[in-house]
Amino acid sequence: MASSDDCIKIIGLDGSLQYMTDGGRRVMEVDDFDAIKGCPWPDFWRDEGNRAAVAAIEAAREGRDSRFTGYADTVKGTRRFWDVKVSPIFAEDGSVESILSVSRDITAIKNFETEQELLRSELSHRIKNILALVQSLANQTLRNDSDMATSRMAFLERLHALSHAQDLFSSHNQVSTTLSHLVESAISIQDPSRVEVSGPDVHLSSKSSLAFALTLHELMTNAVKYGALSNAEGKVAISWSVEPGDGEPELHFQWKEHGGPVVVPPERKGFGSRMIEKALVGYINGAASITYAPTGLVAEVRGPLSALLAL
């Protein structure tokens, strides 16, 4: 009993703490048992645990075993989660003379279960977000293009960008990533001398990250085909900052091209423009603009930091 890590106690019929093993004192961080001897045992428990402890004492008085789980702090205030078995101790005449309580510290198991529940919830959110984005990709890509071969290639490229963004989480078992990580991934195949990047660490939830990844893919694809990266001299400057906003800090993101062919505003908005102005903005609860300046395309996005981490 002295070597056991279970907290084994004798409790009086009135619910008062009468005895605790050496192992119990160790796990409950008790230096002086006399300081807590006689205290109401249910008072160690919180909320539902307290009510369960009171019910367990009553059941033991009636000669019945019971079991419950709950949170109780150690004497030094360490929060722990316990699996508790409460049993009556019978006298020779069959009456209940005292109560035995055996509490096992299962905090590590509880923390693991909580983590798994959070991961399941995050996975559910990711699946819903991905399905919504895939639906949007299909609708937007196939809506105006009559050439199915071109539409098919564009759709597959966008799915690849979406898949690559998802890999940023799956490979590291994360629920968030940083904007700089997404940008570095998006420009990894480009000549680093032609893309300038600057900005602080800004964390994004999986939902915001997927939308940002698709946006960066569209901007990069457009720059390579028609914009600053379609010739040998053009460059792209990608920058972002965190600035005071309306009640909370805001992200200010800018994609700015220069040195490429003269820009002519398109006759109709393409998928990239719609992605930035609608899908991305809706995901981050912000605002966006695209300017087709003759010297180069400029895309700007603003949104509150709290929305960037929202699931």
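I started with the surface: the chain's accessible area comes to about 16600 Å², and 53% of that belongs to carbon and sulfur atoms. These areas come from the Shrake-Rupley method with a 1.4 Å probe, and for residues only the protein chains shown count as cover.

Before going on, I noted that this is a predicted model, where local features need pLDDT of at least 70, side-chain atom pairs count only at pLDDT 80 or more, and totals for chains, interfaces and linings use all residues. Residues are numbered from 1 along each chain as its sequence is written, and side-chain values use heavy atoms, with hydrogens and water left out.

**Overview.** I found eight helices and twelve strands in the chain; helices (H or I, at least four residues) and strands (E, at least two) are DSSP runs, numbered from the N terminus. Of the 311 residues, 41% count as buried (buried is under 20% relative accessible area, exposed over 50%, partly exposed in between, with a 1.4 Å probe and protein chains only).

**Helix 2.** Next I checked the length of helix 2, residues 47-61. Its 15 residues should span 21 Å at 1.5 Å a residue, and the end C-alpha atoms are 22 Å apart, which agrees. The expected span is 1.5 Å times one less than the number of residues.

Which residues of helix 2 are buried? I listed Gly49, Ala53, Ala56, Ile57, Ala59 and Ala60. They cover an arc of only 160 degrees around the axis, so they sit on the same side of helix 2; the arc is that of the directions from the helix axis to the C-beta atoms. On the other side, Asp47 and Glu48 are exposed. The buried residues pack against strand 1 (7-11), strand 3 (66-73), strand 4 (79-90) and strand 5 (96-105), contact meaning heavy atoms within 4.5 Å. After helix 2 comes glycine 63, with a positive phi near 90 degrees.

**Around strand 5.** Strands 1 and 5 pair in the antiparallel sense over five bridges (pairing needs at least two bridges found by DSSP). Here isoleucine 10 stands opposite leucine 100. Strand 4 also pairs antiparallel with strand 5, over nine bridges, and valine 84 has serine 103 as its bridge partner. Strands 4 and 5 form a hairpin with five residues between them, and glycine 94 in the turn has a positive phi of about 90 degrees.

Then I looked up a five-strand open sheet, with order 7-9-10-12-11 and mixed pairing. What are its edge strands? They are strand 7 (195-198) and strand 11 (287-293), each pairing on one side only. Strand 11 runs antiparallel to strand 12 (residues 296-304), joined by seven bridges.
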